[in-house]
Amino acid sequence: RPVVFSGMQPSSDSLHLGNYLGALVNWVALQEEHDPIYCVVDLHAITVAQEPTALRDATRRTAAQYLAAGVDPERSTLFVQSHVPAHTELAWVLGTLTGFGEASRMTQFKDKSARFGAEATTVGLFTYPVLMAADILLYGTHLVPVGDDQRQHLELTRDLAGRFNSRFGDTFVVPEAMIPKESARIYDLQEPTAKMSKSASSPTGLVNLMDDPKVIAKKIRSAVTDTEREIRYDPQAKPGIANLLDIYATVSGRSIPELEAAYEGRGYGDLKKDLAEAVVERVAPIRERTLELMQDPAELDRLLAIGADKAAERAERMLATVYERVGFLRRR
Ligand code: TYM
C-alpha cells in the first residue's frame with residue numbers, strides 16, 4: 001500500500017475550515033487504499049512562541065479533531081511529532097544538504113519573518129521546511145495530502161530526497177503532493193484575496209471547526225462578496241463568490257458548474273444561507289465528537305502512544321539506513 005504522510009500544527013483553540021477542506025478531508029478519504037501516517041506537528045508549532053499549557057492542550061485537541069473528522073486509529077498511524085525523536089535527527093542530516101539560499105527562498109519563511117521582524121524570527125522558523133522534509137522522508141512516503149500553501153515545501157522535500165539519493169545511493173522515495181482541486185486554498189471570508197489562516201486580520205473571516213454552529217452560520221452569511229448579483233465562478237473578478245462556491249463544492253460533492261446552474265437567477269443571500277447549512281451539517285458533528293474525546297485525555301494519550309510506537313519503529317529503521325549511508329560509525 002502506498003504510504004501517505006501529513007501533519008498539522010496544533011493551534012490554540014481549533015483547526016479551521018481551510019485545514020479541514022484543504023487537507024483533512026483527503027486524509028480521511030485516503031484511509032481506504034493507503035497506509036496513512038498522520039502527525040500533530042508540535043515541533044513545528046514552537047517555531048513561533050507558544051504558551052506551554054496551551055500547547056499541550058492544543059496538541060490533544062488537534063489529535064481529537066483528526067479523530068472526530070474521521071481519522072481511524074485502526075487504519076492510520078496517529079501520533080505526536082515530538083514523541084518520535086528520529087524526526088529531529090533526520091532533520092539535522094537534511095539540513096546539511098540544504099542550501100542557505102534555497103531555504104531563504106521559501107515564501108512562507110519570507111512572509112512570516114517579514115511579519116515578525118528580525119528579532120522574533122528564529123533559526124527554527126528558517127529550518128522549519130527541513131524538519132517537514134524529514135517528517136515526510138522518514139516513512140518512504142509516496143503521497144502528501146496538503147493545501148496549496150505547502151506546495152513549495154513539498155518541492156524542497158523532493159529536491160532533498162533526490163539530492164540525498166544521488167549522493168549516497170537510493171534511500172528515499174521522492175514524494176508527490178496531493179493538493180485538492182476546489183479547496184486547495186480557502187480564503188478569508190472577510191478578505192477573499194487572503195488565505196484563511198489563524199493570523200488573518202479579522203476573526204469573522206475565519207471559520208473554526210470548534211465554533212458554535214450559530215457563529216459559523218453568521219460568519220458565512222456575512223461573507224464579503226461584490227456588488228453584482230450574478231452567481232458565477234470568477235476568482236479574479238469575484239473572489240468572494242468563487243471562495244463560497246469552492247467551499248460549497250467541497251462540502252456538498254457537487255461540481256462548480258452544477259452549483260452555478262442551481263443558483264442561476266437567485267441571490268447571494270440564498271447561496272449563503274444554503275452554504276451555511278451545508279457547512280454546519282458537516283462541521284457540527286466534528287465539534288461534538290471533539291468535545292466528547294476531550295473529556296477523556298487519558299484515552300487520547302493512550303491512542304497517541306500506540307501511534308508513536310508504530311511510527312518510531314518505522315522511523316528508526318530509516319534513520320539507521322541514513323546514518324549508515326552518510327558514514328556514521330555504528331554504536332556497539
Ligand atoms: P498548517 O498547520 O499550517 O496547515 C495544516 C494543513 O492545512 C492546509 N491549509 C489550508 N488549505 C486550504 N486553504 C487554507 N486556507 C489552508 N490553510 C491551511 C495546509 O496546506 C496543511 O495541509 N508545514 C505544515 C505542517 C507539516 C506537514 C509536515 C504537512 C509539518 N510536517 C509533513 C505535511 C507533511 C503546516 O504548517 O501546515
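Ala, Val, Leu, Ile, Met, Phe, Trp, Tyr, Cys and Pro are counted here as nonpolar, Asp, Glu, Lys and Arg as charged, and the others, Gly among them, as polar. On this basis, the shell around the ligand is made up of 12 nonpolar, 11 polar and 4 charged residues. The structure described is a predicted model.

The ligand is surrounded by 27 residues, of which Gln9, Tyr128, Asp135, Asp149 and Ile186 are the closest. Several elements of secondary structure contribute to this shell: β1 (3–8), α1 (17–29) and α7 each provide at least two of its residues. A side-chain N or O atom of Asp149 lies 2.4 Å from an oxygen atom of the ligand. Backbone atoms also take part, with an N or O atom of the Met196 backbone placed 3.0 Å from a ligand nitrogen. For Gly18, a backbone N or O atom is found 3.1 Å from a nitrogen atom of the ligand. The ligand taken alone exposes 710 Å², and 94% of that area is buried by the protein.

Asp135, one of the residues closest to the ligand, is listed by UniProt under "binding site" in an unreviewed entry. Asp135 belongs to helix α7, which spans residues 123–137. The relative accessible area of Asp135 is 2%, and the residue is therefore classed as buried. Beyond the residues up to four places away in sequence, Asp135 touches Phe5, Val41, His44, Gln81 and His87. With His87, the side chain of Asp135 forms a polar contact of 2.7 Å.

His44, which is among the residues touched by Asp135, is located in helix α2 (residues 42–45). A relative accessibility of 1% places His44 in the buried class. Apart from neighbours within four places in sequence, the contacts of His44 are Gln9, Gln81, Tyr128, Leu131, Met132 and Asp135. Gln9 and Tyr128 are also listed among the residues closest to the ligand. Leu131, a further contact of His44, has its C-alpha atom 8.1 Å from that of Trp92, although 39 residues separate Leu131 and Trp92 along the chain. Trp92 is part of helix α4 (residues 86–95). In contrast to the buried His44, Trp92 is exposed, with a relative accessibility of 65%.

Helix α3 (residues 52–69) contains Gln65. Gln65 is buried, at 1% relative accessibility. With neighbours within four places in sequence set aside, Gln65 is in contact with Ser14, Leu15, Leu24, Leu209, Met210, Ile286 and Thr290. In the case of Leu15, the backbone nitrogen lies 3.2 Å from a polar atom of the Gln65 side chain.

The loop between α3 and β3 (77–80) includes Pro73, and Ser76 is placed in this loop between α3 and β3 as well. Pro73 has a relative accessible area of 30% and is partly exposed, whereas Ser76 is buried, at 1% relative accessibility. Not counting residues up to four places away in sequence, Pro73 touches Leu67, Leu303 and Lys310. Lys310 is likewise touched by Ser76, together with Gln31, Pro36, Tyr38 and Val71. A polar contact of 2.7 Å links the side chains of Ser76 and Gln31. Both loop residues can also be placed relative to other positions in the chain. For Ser76 and Lys195, the C-alpha atoms are 29 Å apart, and the separation in sequence is 119 residues.

Asp234 is situated in the loop between α9 (213–221) and α10 (239–252). Buried means under 20% relative accessible area. Asp234, at 21% relative accessibility, is therefore counted as partly exposed. Between Asp234 and Arg158, which are 76 residues apart along the chain, the C-alpha separation is 33 Å.

Technical notes
Residues numbered from 1 in each chain as written. Predicted model: local features only at pLDDT ≥ 70, side-chain atom pairs only at ≥ 80, totals over all residues. Heavy atoms only, no water. UniProt positions renumbered as here; feature names shortened; annotations may be inferred. Helix = DSSP H or I, 4+ residues; strand = E, 2+ residues; numbered from the N terminus. Buried < 20%, exposed > 50% of the residue type's maximum accessible area, 1.4 Å probe, protein only. Contact = heavy atoms within 4.5 Å. Polar contact = N/O pair within 3.5 Å; in protein donor to acceptor, adjacent residues only side chain to side chain. Near = heavy atom within 4 Å. Areas by Shrake-Rupley, 256 points an atom, 1.4 Å probe, with all protein chains shown as cover.
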